[in-house]
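Trainee: I would like to go through a structure with you. Could we begin with its pockets and then turn to the ligand?

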Amino acid sequence: KKKVILYRDIPAQERQRLESQCEVTFFNGINDTNKDAFEAALADAEGLIGTSTRMSSELLSLAPKLKAASTISVGTDLYDLNYLTERGIPLMHTPGVLDETTADTMFTLIMCTARRAVELSNMVREGRWNSNIGESLYGTDVHGKTLGIIGMGRIGYAIAKRGHFGFEMKIQYCNRNRKPDIEQDLNATYMNMEELLKTSDFVCVMTPLTPETERLIGAKEFALMKPSAIFINGSRGKVIDQAALVDALTNGTIRAAGLDVFEVEPLPDDSPLCELNNAVLFPHIGSATSETRLAMITCAVDNLINALDGDISHNCANQHLLTR
Ligand code: 8YV
């Protein structure tokens, strides 16, 4: 049996399936107390499977026998892709299985932010509902508005479908490349990011985190948006300049923001974002349903077992090289 390290807890049924094919060393997350043991285990590891731990080139260099890695995520930014590609080590991820769930989460953010659901629910909960809701507490409509999507990948498309078919929204998007089928399917308009920022009522960022997208959205971009606009980030925290967003929300540059990801996670409770009523904050729950997380784990276990048997059809380690 090939030696693999499982560095994130998974349901017993999937762990047993992995253990039926591999010799598994398990770590329930990597932290200061078990980091030395994890690094020692890397010496014999032929496979890695888990998530939420940065796999730097320094760490991966401690695994001379590594043949494949499998991340329980669609995002691959926790792995040093250049290093893996140089060593010819495939990295598998879990595209497709989480698209609809993550799109549901993004629309939850859109609705909560537009209709001030969290702020008003807290008002009820805290006994501050003492009169009819007046104009100062009104939300804004979602149906019929313009939804701009930055990053029209699988999840971006799932979000666009919800807007088009569910809320009769006008869909516009910017992306590394055009998607004519989506334009036809959803009557969507392709445009550059500046035009999208200027004309969208809702701006939703769903790009992967890459050297090209890091800090893609900052003060200049927020200033292009309408003062009535709502900003949604479901990509990675580092795709935006978070301090610039705080300024934009504080100064009325934009109306509100719904965020599922942050520059530092967990978000420190002394973050200025925590003080803003016009910021709806989720703890990175994009794919966090029982059904979808099991589907992701099952996919990741399949990916690793198959890769160690030579099938790397889900390999994405060299994809970034194709897009540079
Ligand atoms: C979770 C995600 O972070 O798939 C991703 O890239 O960001 C989310 O699904 C991931 O599943 C790890 O918990």
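**A pocket and a ligand site**

Mentor: The second largest pocket has a lining of 15 residues, and those nearest its centre are E119, L276, N277, N278 and A279. On a 1 Å grid over the protein atoms alone, a pocket is an open set of points with protein on both sides within 12 Å along at least five of seven lines, and lining residues have an atom within 4 Å of a point. This is a predicted model, in which local features need pLDDT of at least 70 and side-chain atom pairs pLDDT 80 or more, while totals for chains, interfaces and linings use all residues. Residues are numbered from 1 along each chain, and side-chain values use heavy atoms, without hydrogens and water.

Trainee: Which helices and strands each supply at least two residues of that lining?

Mentor: They are α5 (99–114), α6 (117–125) and β12 (279–281); helices are DSSP runs (H or I) of at least four residues, and strands (E) of at least two.

Trainee: Now the ligand. Which residues are around it?

Mentor: Among them are R8, T51, R236, H284 and S287; being near means having a heavy atom within 4 Å.

Trainee: How far from a ligand oxygen is the polar side-chain atom of S287?

Mentor: The distance is 2.5 Å. For H284, a side-chain N or O atom is 2.7 Å from a ligand oxygen, and for R236 the polar side-chain atom lies 2.8 Å from one.

Trainee: What share of the ligand's exposed area does the protein bury?

Mentor: The protein buries 88% of the 320 Å² that the ligand exposes when taken alone, by the Shrake-Rupley method with a 1.4 Å probe.

Methods. Polar contact = N/O pair within 3.5 Å; in protein donor to acceptor, adjacent residues only side chain to side chain. 1 Å grid on protein atoms, 1.4 Å probe; cavity = no way out; pocket = protein on both sides within 12 Å on 5 of 7 lines; lining within 4 Å.
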